[in-house]
Amino acid sequence: MPLMKIDMIKGRNEDEIKEILDISYQVMLETFHAPEGDRYQIVTQHEPLEMQILDTGLGFERTDQVIVFSLTTRPRTSEEKQNFYSQLVKELEDQLGIKPEDVMINLTVNSDEDWSFGFGRAQFLTGEL
């Protein structure tokens, strides 16, 4: 974990989507020091009118290549979060040419008791994880 939900406008091919997933997974492993196999990613593709992602008054424009990463995660340090943000944007630009202004990231923090990975058990609390 974290659980990573990725929203994008329809039109990307399967290879590009796979690369986005792989890049974001690798960056998450490196910056959050998560164990290999800790991969929970969900992609949702939208019609263009279904994604209105403006700049919050920061003075830049987004394109139809905009991607929103929403992560639900256990607590992370400010440094880990900032490293995740910057490294993800860098790798997406370097490897896929996705403009930094087209990447929006949001983290929602919860605690160990908020996770069940199956069987109706809270594995972080039971000691299974």
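The following questions and answers concern a predicted model.

Trainee: In which sense do strand S1 and strand S2 pair, and over how many bridges?

Mentor: Strand S1 covers residues 3-9 and strand S2 covers residues 40-46. Within this pairing, Met8 has Gln45 of S2 as its bridge partner. The sense of the pairing is parallel, and the number of bridges is seven.

Trainee: What is the hand of the β-α-β unit that S1 and S2 make with helix H1?

Mentor: Helix H1 spans residues 14-32. S1 and S2 pair in the parallel sense. Together with H1 they make a β-α-β unit that is right-handed.

Trainee: Is Met104 buried, partly exposed or exposed?

Mentor: Met104 belongs to strand S4, residues 103-109. Its relative accessible area is 34%. Buried requires a value under 20% and exposed a value over 50%, so Met104, at 34%, is partly exposed.

Trainee: What is the phi of Thr56, and is Thr56 buried or exposed?

Mentor: Thr56 sits in the loop between S2 and strand S3 (67-73). Most residues other than glycine have a negative phi. Thr56 is not a glycine, yet its phi is positive, near 55°. With a relative accessibility of 74%, Thr56 counts as exposed.

Trainee: Where is Phe119, and what is its relative accessibility?

Mentor: Phe119 also has a positive phi, about 65°, without being a glycine. Its place is the loop between S4 and helix H3 (123-126). The cut-off for exposed is over 50%, so Phe119 counts as exposed, with a relative accessibility of 75%.

Trainee: How many residues of each class line the largest pocket?

Mentor: The lining includes Met1, Pro35, Phe117, Phe124 and Leu129. Also in the lining are Glu36, Asp38, Arg74 and Arg76, along with Gly37. Gly counts as polar. By class, the lining has four charged residues, one polar residue and seven nonpolar residues.

Trainee: What is the volume of the largest pocket?

Mentor: Rolling a probe the size of a water molecule over the atoms shows where empty space is left. Tyr40 and Ala34 are among the residues that line this pocket. The volume of the largest pocket is about 160 Å³.

Terms used
Residues numbered from 1 in each chain as written. Predicted model: local features only at pLDDT ≥ 70, side-chain atom pairs only at ≥ 80, totals over all residues. Heavy atoms only, no water. 1 Å grid on protein atoms, 1.4 Å probe; cavity = no way out; pocket = protein on both sides within 12 Å on 5 of 7 lines; lining within 4 Å. Points joined across faces, edges and corners; volume = space filled by probe spheres on them. Helix = DSSP H or I, 4+ residues; strand = E, 2+ residues; numbered from the N terminus. Buried < 20%, exposed > 50% of the residue type's maximum accessible area, 1.4 Å probe, protein only. Pairing = 2+ DSSP bridges. Right-handed = clockwise from strand over helix to strand, strands pointing away.
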